[in-house]
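Hi,

Here is the structure I promised to pass on.

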Amino acid sequence: MNDADFMRRAIALADERMRAGEGGPFGAVIAKDGRIVGEGWNRVVATRDPTAHAEVVAIRDACARLGTFDLSGATIYTSCEPCPMCLGAMLWARLDRMCYAADRADAAKIGFDDDAFYVEVAKPVQARNFPAERLLADEARAVFAAWFAKPDRVPY
């Protein structure tokens, strides 16, 4: 299989699962070593989980199948440019590469305005429209210090 084949599968998942009423029209496939190791589609409505975007579902599937949280060496194919949450998940998963079909402007035309989230995330914390207040930083840092001192910690 090649890039176009993997992308066609992501688009087919988006279409099939959207028509089944599981969520929005988004699909994703993760491939490694020439084979699909994870698939996902938007499951927000079906699971009542706002984080169940196609890319996150595909990452969870690939990690479960491969028995790892590190997807180095893999590529994600997504039917649409990802939102900031999904992009963050891709980076945390250590994926090597992303390919996407539709972009955020295409998504905005049908009511998915991810660009607003990109704008919000780019602002300094205190300038965001989402109120944030910092509390008990020293107590949280103590837990960080304990984790850092743990000889059996697993870095990620």
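Leucine 136 sits in the loop that joins helix H6 (114–122) to helix H7 (137–149); helices here are DSSP runs of H or I with at least four residues, strands are runs of E with at least two, and both are numbered from the N terminus. The phi angle of leucine 136 is near 55°, a positive value in a residue other than glycine. Leucine 136 is also exposed, at 57% relative accessibility (exposed is over 50% relative accessible area, buried under 20%, partly exposed in between, with a 1.4 Å probe and protein chains only).

Aspartate 33 also has a phi near 55°, again positive in a residue other than glycine. You'll find aspartate 33 in the loop between strand S1 (27–32) and strand S2 (35–41), and it is exposed, with a relative accessible area of 72%.

Before you go further: this is a predicted model, where local features need pLDDT of at least 70, side-chain atom pairs count only at pLDDT 80 or more, and totals for chains, interfaces and linings use all residues. Residues are numbered from 1 along each chain as its sequence is written, and side-chain values use heavy atoms, leaving out hydrogens and water.

As for the whole protein, there are seven helices and four strands, in the order α-β-β-α-α-β-α-β-α-α-α along the sequence. Its C-alpha atoms fill a box of roughly 50 × 40 × 25 Å along the principal axes. Of the 156 residues, 33% are buried.

Cheers
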